[in-house]
Amino acid sequence: MMSWQRMDRSDLPAAISVLQEKWDVFAPVKRGTDIRIRQQPTDGKIFLGQTKPLLPLKMLFLPEVEDLFSFTIKGSTSDIIPAEPLTRERVVFGVLGCDIAALEILDHVFLGEPVDGSYNKRREQTTLIAIACTGDGAECFCTSLGINPLEPVGADVLFADVGNGYFFKALSQKGKRMTETLRAFLKKPSEKELTDLSALVPGTRGDISVDRVPKDSDRLWNLPIWEDLARRCLGCGVCTVICPTCHCFDLEDERRGSSGKRFRSWDSCMNTSFTKMASGENPRPTKRERIRQRFLHKLSYYPIKHGLVACVGCGRCSARCPVGIGIDEIIVELAEMEG
Amino acid sequence: MKEPLLVPVPAKIESIRTLTKDTLLFKVTEMNGNSTFIYNPGQFMELSVFGVGESPISITSAPTRPGFLEFAIREVGSVTGALHNLEAGDIIGIRGPFGNGFPIEEMKGKNIFFIAGGIGLAPLRGLINYMLDNRKEFGEIDILYGARTPELLCFSDEFETWKKAPRTHLHLTVDTESPGWNGHIGLVPVLLKELALPPEDRIAIACGPPVMIKFTLAVLTAMGYPGERIMTTLELKMKCGVGKCGRCNIGSTFVCTDGPVFRFSELKELPQEY
Amino acid sequence: MEDLLRKLANEFLQRPDAECFIGYEEGPNGSVRPAFIRRPEDIHRLVWNQKCYPNLTAYLPDFPKQKRVIGITVKGCDARALRELIRAHQVERHSVYVVGLPCTGLKTPGEDRIAERCFGCVFPEAFQYDAALGPMKTPDGLARTEYETLDNLSNKERREFWKLEFEKCIRCDACRKICYACFCPECILDSTQPRWLSRRQNLGEKLFFHSVRALHLVGRCIGCGECERACPAGVRLMLLNRYLQKQLEDLFGYRGAGILEDAPPLLTFLRDDPDPFTGGFE
């Protein structure tokens, strides 16, 4: 079970069809420069390169928009029907180690008491096939966070694209179930191929010294860095949308006549009115407080509660921020405070 | 906690009573006319107006009086505004109870000093009535309550009952002279100083507008009350009520799960954001 | 030129009423990002090159109105934005010290050719800079000969095109926040009472967001393309904005926001307007 198996590249479409008999299959699809995880079949080829999809894997566990329940209220009768999160099991193909590591961070929040049933069901019913990744550009620093992109913890199956074959290695029971389903396509790799596989080395930055960031938010509270960042920051919130560990959400109702729904949707602590109360008071009235909250949450508050830093070093924030703010630079600056 | 998370149960408004010009008291039961919710004083519920949204409201009834829940709701925004437009018989949703509630075990045998301003009495009223329903378990009870004007005093119909209860004292005040008012005149922290209740064996619980809390805390501290025995309830914008939506945190503390009841000593340790 | 820039910034910061100097500095991964310089010892960070994309005037409305002066570097397009901001009372002219950057075109990010956004560049006319690193005039060689248009597509094809385009949108608000013209303290699209726009991620909501924004920008868009650069999903916002600008040119002869002192056509009422603006639908 725990060894590599080989598939001919040309067999991939047929293999996906076989998987679709049991699972809904999701995979990254490239359209122009836009890479997103989409349910198969869809317009566009499956993309199994090592490029991070724009929206991270969290979208499949905490969807951008998720119905919670529908309601019908008529006079003195009411009908509240909880939404069904998933109807079928899923296989997600071609995810990267950073996004998988982010799920562990989200698990602490959503699987801690009280358990979020929808998130839990999605986790239980999803098999993750991770690409053995050597890095996706200068922004990557997952190895600084202790993540091994070549064999990320939490992956059910490992996948590699080496030479002229595709390679699969089951890492868990769920993964084994998947590779068993594909056994008609899988053979033993050659010695050379096995050597090539073991020669993969991650090329990400391992020197971002997260451990040296003081966890004590008292020491970090009044630093001038928050003021500096706040001046440059636009408050647009792109960082929170594309960050694999950001999970803040909002609840919203919609109603027509006597029926309607409540849904939750991604929200951002960078919004001006994120913490604004109906009375008008806002404990985070300016960008300075909000940007401090964002980074202290990831580097101090979350680690205090759950024992690990809420960042996976994917570098999406620094790559996409229109004004060049990235958590790696902030970690380095905060770590330097320690001397 | 009822599953699925984030889905309310339907509830009926039994009655609505006016407390002050902008605050109404809602009596709520489940659809069968009863209430099976088990809760502690100091906890809150998320009330839904289906189609408008949810609002976290502290429970103002006492769990010793079962069969219904009571909420004192002031109109400030879209959901509370929508609640104010409802009538008895209308259906709302409730989720909860959430929050830590008051540490009642610790309060047994002690003297309790309630200090409230305006609608701040609402989260404390449940605890007051709970204690009066279990009178023998608690020491002297002092209730210091003030509002801007006599018309803004909430739950005035219960004042006589409180005054008459054994070893229970009610001290009322309004901010300024008002026609027909013969009681004390002055801000709550002023009367607090005058009462000079000693801190020994006494727990102070303060709830009201931030500026009142600020001065009350200063007076209590100067009188020698230790931070562990001064409590308050915090109010922040909340959505999920279960510590997942990421909104109501102060540092690594979530007001919805670690609060809303906090000791002053705990608040001092938190980042000074609030 | 960077030496002159730093000299000017240094002189500016010596003024007792100087608040700060906004310019450009190097950012991560070879990028350029906005810099807010307050101390002379930081002036060496200032740069001026063909990667200086952001429109720094977008930051100005956030500074509280005060007597202190903000130094700012502006390219031609940025200066047009500044003129519009002053006309819209978001910035007072005497509260900014304007240093002109004689831009002759920015590079396409990551490539060695002039950026698409720079074609059709027009500098503002008769704009009074406080200082400049060179002559502030419309550069040669960047004339636009034609607008990219979808006129050759049928309505159905156009609908399909925009459906695909806006489906990419992730409702992140980067386009709105980076745009100089989006300075409303509370955007109507964020309003909760009434709630015009929900957080649903369906095409309808996305179309509504972008249509409203595009219409609010008509006549005010300077064509800087920052919205498209900021968009992480690569939505072709400039296609829409430029098309609307072309309509204004054809209908009113309006060359673009901030080129002249005149207000944009949709914000202007003339006494001889053929529409009487009275009554309802006649």
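Analyst: Two strands pair if DSSP finds at least two bridges between them. Helices (H or I, at least four residues) and strands (E, at least two) are DSSP runs, numbered from the N terminus. This is a predicted model, in which local features need pLDDT of at least 70 and side-chain atom pairs count only at pLDDT 80 or more, while totals for chains, interfaces and linings use all residues. Residues are numbered from 1 along each chain as its sequence is written, and chains are lettered from A and ligands numbered from 1 in the order in which they are written.

User: In what order do the 7 strands of the open sheet in chain A stand?

Analyst: Strands of a sheet pair through backbone hydrogen bonds, either parallel or antiparallel. In this open sheet of chain A the pairing is mixed. The order of its 7 strands is 1-9-8-7-6-2-3.

User: Why is one side of strand 1 and of strand 3 of chain A left without a neighbour in the sheet?

Analyst: Strand 1 (5–8) and strand 3 (34–39) of chain A stand at the edges of the sheet. One side of each lacks a neighbour there because each has a single partner strand.

User: What is the radius of gyration of chain A?

Analyst: Chain A has 11 helices and 11 strands. The radius of gyration is taken over C-alpha atoms, and the globule rule is 2.2 Å times the number of residues to the power 0.38. For 339 residues that rule gives 20 Å, and the value for chain A is close to it, so chain A is as compact as a globular protein of that length. The radius of gyration of chain A is 22 Å.

User: Which residue is the bridge partner of Phe21(C) in strand 2 of chain C?

Analyst: Strand 1 (residues 18–26) and strand 2 (residues 32–37) of chain C run antiparallel and are joined by 6 bridges. The partner of Phe21(C) in strand 2 of chain C is Ile37(C).

User: Which residue takes a positive phi in the hairpin of strand 1 and strand 2 of chain C?

Analyst: This hairpin of chain C has 5 residues between the strands. The positive phi, near 55°, belongs to Asn29(C).

User: What distance separates the centres of domain 1 and domain 2 of chain C?

Analyst: Domain bounds come from an automatic or database domain assignment. For chain C, that assignment gives domain 1 (2–132) and domain 2 (155–267). Taken over C-alpha atoms, their centres are separated by 24 Å.
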